[in-house]
Amino acid sequence: MTNIEIKTWDIFCRVIDNYGDIGVCWRLARQLVNEYPFKVRLWVDELQALKQIWPSTQICDQQILDKVDVRIWVGAGADDFANDIIPADAVIEAFACNLPDIYLTAMKHKVSQPRWFNLEYLSAEDWVESCHGLTSVHPQLGLKKTFFFPGITAKTGGLIKEGELLDEIKRFQQDKPTKQLFLEQLKTQLPSDALLISLFGYENSAVASLLEAWAQSPTPIMCLVPPGKILPDVSRALGQELTVGDSFAKGSLKLQIIPFLNQTDYDCLLWACDINFVRGEDSFVRAQWAAKPFVWHIYPQDEDFHMVKLDAFLHRYAQTLDIDTQGAITRLWHQWNQGKDCTDAWNACLANLQNWQKHNQNWRQHLNSLGDLASNMVHFCQKTL
Amino acid sequence: MKTGQELRAGHVISIDGQPWLIQKAEISRSGRNTAVVKTKLKNLLNGYLTETPYKADDKFEDIVLDRKDVTYSYYADPRYVFVDSDYEQYELDKEELGDMAPYIEDGIDDICEAVFFEGKVISITPPNSVTREVVYTEPSVRGDTSGKVMKPARLTNGTEIQVSAFVEIGDKIIIDTRTHEYKSRAKD
């Protein structure tokens, strides 16, 4: 097979739950179309999630959003997908979703077979390195597909990072008026000496202990909570039903429910805060680029298998930390992900906050050295199959 | 049909119309309770080896290969002719002999297993052990009868094998064909 010049991309995204699937695919699509001379079609099976993170989205079969051709993809059956679609030069099935049969058949009959990628989930486990970049052959159609893994090591595909992202973060974080204006738009009054924390997670009974620890904290804490799965547990812990616009105060803690933020503004939130609680894959990656201390609520899996993945990441992330800080972060992440009391672990992290802050600056440097996911994928396309 | 999750070493599956033997299948859990299966595969037609990942829900057609007992008949340059109990003949190139290649010589009567794909023999598997004559080896050193010291020996067809130090030219030896190792001298 010889090289074909890649000019067009099709990205297929099936929204299973939450905003991670569409969040990642939307960023990738925008980066490919804005930083490269490509045309990109993003096929999604439902638009409500995209509308939440990109409010200008319309609920219609086809639209152009930020130069991306966004199309609805109803299902995998032959009757559900248009039979006149010509597959792009490069095709991404995101998170192992299955492409429509009719599209696969069209790929088979295309004169130059598209470069086909399965974009897998982010994991720091060792096995990912041994599978990244390997090609498999479709059992029935003979089409070749490459497994492409996002990752945090040199033997994986890197993380999504727009070309201007680090400059943008630097400009935002160094420009106090811009940061102030952003917080004011959230109707947040930030006490000058308070630690600013964003709280985004799945359902978690541990939040009660965390909020109490913050209320008892020697340092004032301002916590911003966007609507999400953790809000009911927050309400329960504080003994009142909270919605957007509500605020709460107890001891050292001030807590505010902020509006759901679009993708751009959520990035700004991560950049503005001192510590970020994040979840899943998209916000987890963005928190790492923000280079602030973060606590990851990993997507729960059967038989607690997510703890294996959590530890795989912690092993790589925390290995250059001093023993005390490493121990504190590990304990907090474990307690947080197991729904257990976080009081002692939180206080230990607070005691080692300076080391934790410096470490995240170094961690971002390491991630930056890997190349970003989009450019790694584009370079991979230049290799002959 | 098998899914990726069900693949195991020893299964033979069809990929793009070709039969592939799964030599190894390692399942790793990915995100959201999905899984990736990393396989080591051998193409049964051309012997090509590859490492390939699949998704746990990828579907594969099972291949059940026909197998038949055959014995070696003669060499018709460049092909080796085997025959079954119905005297039907099957011709193979040297490359197709596979694990049988080191033990092929005139006059043998070992019962081998021929594996067929779409009516064509794709491999010959020898029995677990065969008996062959040593045509050359260095003389044994007097007193060296422990059996633990090994030396090279050559069989009738030129195949080299390590044998116990007390083995002499003309001895018949039993060989484990699965490991290509000398087991013992054959009793007369």
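Student: Let's start with two helices in chain A. Which hand does the crossing of H7(A) and H13(A) have, left-handed or right-handed?
Tutor: Keep in mind that this is a predicted model. The pair to look at is helix H7, residues 207–215, and helix H13, residues 343–351, both in chain A. The hand of their crossing is right-handed.

Student: And how are H7(A) and H13(A) set against each other?
Tutor: Their axes come within 9 Å and cross at roughly 50 degrees. Roughly parallel would need an angle under 35 degrees, and roughly perpendicular starts at 65. So H7(A) is, relative to H13(A), oblique.

Student: Which residues in H13(A) meet H7(A)?
Tutor: On the H7(A) side, look for Ser209(A), Leu210(A), Glu212(A) and Ala213(A). By class, the whole contact splits into three nonpolar, three polar and one charged. The partners in H13(A) are Thr343(A), Trp346(A) and Asn347(A).

Student: Now for H11(A) and H12(A). How does H11(A) lie relative to H12(A)?
Tutor: Helix H11 covers residues 306–317 of chain A and helix H12 covers residues 323–337. The axes come within 11 Å and cross at roughly 160 degrees. Angles over 145 fall in one class, so H11(A) is, relative to H12(A), roughly antiparallel.

Student: What residues of H12(A) make that contact with H11(A)?
Tutor: This crossing is right-handed. H11(A) brings Met307(A), Leu310(A) and Leu314(A). The contact has four nonpolar, two polar and no charged residues. From H12(A) come Thr330(A), Trp333(A) and Asn337(A).

Student: Which residue in E4(A) stands opposite Val44(A)?
Tutor: Strand E2 of chain A spans residues 39–44, and strand E4 spans residues 68–72. The two run parallel and are joined by four bridges. Val44(A), in this pairing, stands opposite Ile72(A).

Student: How far apart are the centres of domain 1 and domain 2 of chain A?
Tutor: The assignment gives domain 1 as 8–159 + 371–381 and domain 2 as 165–368. Taken over C-alpha atoms, their centres are separated by 30 Å.

Student: Which element gives the most to the side of domain 1 of chain A that touches domain 2 of chain A?
Tutor: In that contact, 18 residues of domain 1 meet 12 residues of domain 2. Helices H1 (20–35) and H2 (48–53) are the elements giving two or more residues to the domain 1 side. With four residues, the top contributor is H1(A).

Student: And where chain A touches chain B, which element has the largest share on the chain A side?
Tutor: Here 19 residues of chain A are in contact with 21 residues of chain B. The chain A side has 12 nonpolar, five polar and two charged residues. Helix H4 (126–131) and E7 each give two or more. The largest share, three residues, belongs to H4(A).

Student: Last one: what separates the centres of domain 1 and domain 3 of chain B?
Tutor: Chain B divides into domain 1 (2–62), domain 2 (66–125) and domain 3 (129–185). Over C-alpha atoms, the centres of domain 1 and domain 3 are separated by 39 Å.

Notes. Residues numbered from 1 in each chain as written. Chains lettered and ligands numbered in written order. Predicted model: local features only at pLDDT ≥ 70, side-chain atom pairs only at ≥ 80, totals over all residues. Pairing = 2+ DSSP bridges. Contact = placed C-beta atoms within 7 Å. Nonpolar A, V, L, I, M, F, W, Y, C, P; charged D, E, K, R; others polar. Domains from an automatic or database assignment. Axes fitted to C-alpha atoms, helices over the stretch in contact; angles between N-to-C directions. Parallel < 35°, antiparallel > 145°, perpendicular 65-115°, else oblique. Left-handed = near helix turned anticlockwise from the far one by under 90°.
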